[in-house]
Amino acid sequence: MIGLLLCLPAALILGLGFVWPVLLLARISFNRTTDMGAMETAWSLETYEKIVTDDFTWELAWNTVTLSAGCAAAAVALALPVTLLIRSADPRWRGLLALMAVAPLLVSSTARVVGWMAILGDQGMINALLTGLGITSDPVRLINNLTGVRIGLTESLMPYCCLVLIAGLSRLDSRLEEAAATLGATRSRTFLRVTLPLAAPALLAAFLLAFVLGVSAFVTPRLMGGGRVFVVATEIFDMALETVDWPAAAALAMLLLGALVLAMILRGVTAGREAPR
């Protein structure tokens, strides 16, 4: 009973800050939009039917999934060497190195994206270096396209992957790697045959977290894409504030939320089946 009372404030805050707004959003998604553009209160699946049967919605979903999966995989691949370096470092420096790995999270995501726009712009540092070395005479388009979104989204997901991998790899028994080295295995063979298989659950967890964050990302695709890269989050924004079609925006947001919840449930079921009995 005391435990329930202690959890009550947190449950109340969660309910008011998350559950109640989601329920309101779900209610709006069942409304209809009239021919004049006004929202009509109703209980109808017309908006959902219109979204599901629209080919653009499926193209948008495919673009979002492929972009997020690619950036999540790249973020995990880049975060793994950093995490291994932290794990192998002297215990006195591990805390500082871990803090440096997740330090980008202390800066606003918008500020980081703006910084990337300055670095990758036509007059930015990268293009200045390329033209200065004579590699290219014209600026390389690194923003306002899919390339810029991939770079910015991968960088924004890396700290989260580092957090998950640091927690996961810290539980690995280093004696297994020492035993492999004692038996004559090289470092590369030890990594491929011992470290990587043991780290697979942490890698999968990091990929899943990065994928979920990438699917729901808005700031990076909006700014780095320059309005030329369309994902589900930017489409929801356009529906809500530009076309002012709140039922369609709410319905698309609920479908996105449902897909993310389903992915988390499937991951939980899979992890339960993979766990040793």
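1. Asp90 counts as partly exposed at 34% relative accessibility, where buried means under 20% relative accessible area, exposed over 50% and partly exposed in between, with a 1.4 Å probe and protein chains only. Its salt-bridge partner is Arg92, and the closest N and O atoms of the two are 3.1 Å apart; a salt bridge is taken here as a side-chain nitrogen of Lys or Arg within 4 Å of a carboxyl oxygen of Asp or Glu. Arg92 is exposed, with a relative accessible area of 70%.

2. A word on the basis of these remarks: this is a predicted model, in which local features need pLDDT of at least 70 and side-chain atom pairs count only at pLDDT 80 or more, while totals for chains, interfaces and linings use all residues. Residues are numbered from 1 along each chain as its sequence is written, and side-chain values use heavy atoms, with hydrogens and water left out.

3. By the salt-bridge rule the count comes to six. Side chains of opposite charge can pair when their charged atoms come close. Glu155 forms a salt bridge with Arg112, with 3.8 Å between the closest N and O atoms. This pair links distant parts of the chain, since Glu155 lies in helix α7 and Arg112 in helix α5, 43 residues apart; helices (H or I, at least four residues) are DSSP runs, numbered from the N terminus. Glu155 is buried, with a relative accessible area of 18%, and Arg112 also counts as buried, at 13% relative accessibility.

4. Arg32 forms a salt bridge with Glu40, and the closest N and O atoms are 3.6 Å apart. Arg32 is partly exposed, with a relative accessible area of 28%, and Glu40 is likewise partly exposed, with a value of 34%. Elsewhere, Arg222, Asp238 and Glu242 are linked in a network of salt bridges.

5. Which residues touch the most other members of the largest nonpolar core? They are Cys161, Leu165 and Ile236, in a core of 51 residues, a nonpolar core being a set of buried Ala, Val, Leu, Ile, Met, Phe, Trp, Tyr and Cys residues joined through side-chain atoms within 4.5 Å. Helices α2 (46–52), α3 (55–88), α4 (91–102), α5 (109–120), α7, α9 (187–215), α11 and α12 each supply at least two residues of this core. In soluble globular proteins, nonpolar side chains tend to be buried together. Ile236 touches Ala249, Leu252, Ala253 and Leu256, when residues up to four places away in sequence are not counted, and contact here means heavy atoms within 4.5 Å.

6. For disulfides, defined as pairs of cysteine sulfur atoms within 2.5 Å, the count comes to zero. Cys161 is in no disulfide, and the nearest cysteine sulfur, that of Cys162, is 7.1 Å away; Cys162 is in no disulfide either, its nearest cysteine sulfur being that of Cys161. Cys161 counts as buried at 0% relative accessibility, and Cys162 is buried, with a relative accessible area of 1%.

7. Two backbone positions deserve a look. Most residues other than glycine have a negative phi, and most peptide bonds are trans. Asn144, although not a glycine, has a positive phi of about 60°; Asn144 is found in the loop between α6 (125–132) and α7, and is partly exposed, with a relative accessible area of 23%. Val244 is not a glycine but has a positive phi of about 55°; Val244 is found in the loop between α11 (232–241) and α12 (246–274), and is partly exposed, with a relative accessible area of 45%.

8. Finally, Thr147 has its place in helix α7 (residues 146–169) and is partly exposed, with a relative accessible area of 36%. Thr147 and Met224 are 77 residues apart in sequence, and their C-alpha atoms are 8.7 Å apart in space.
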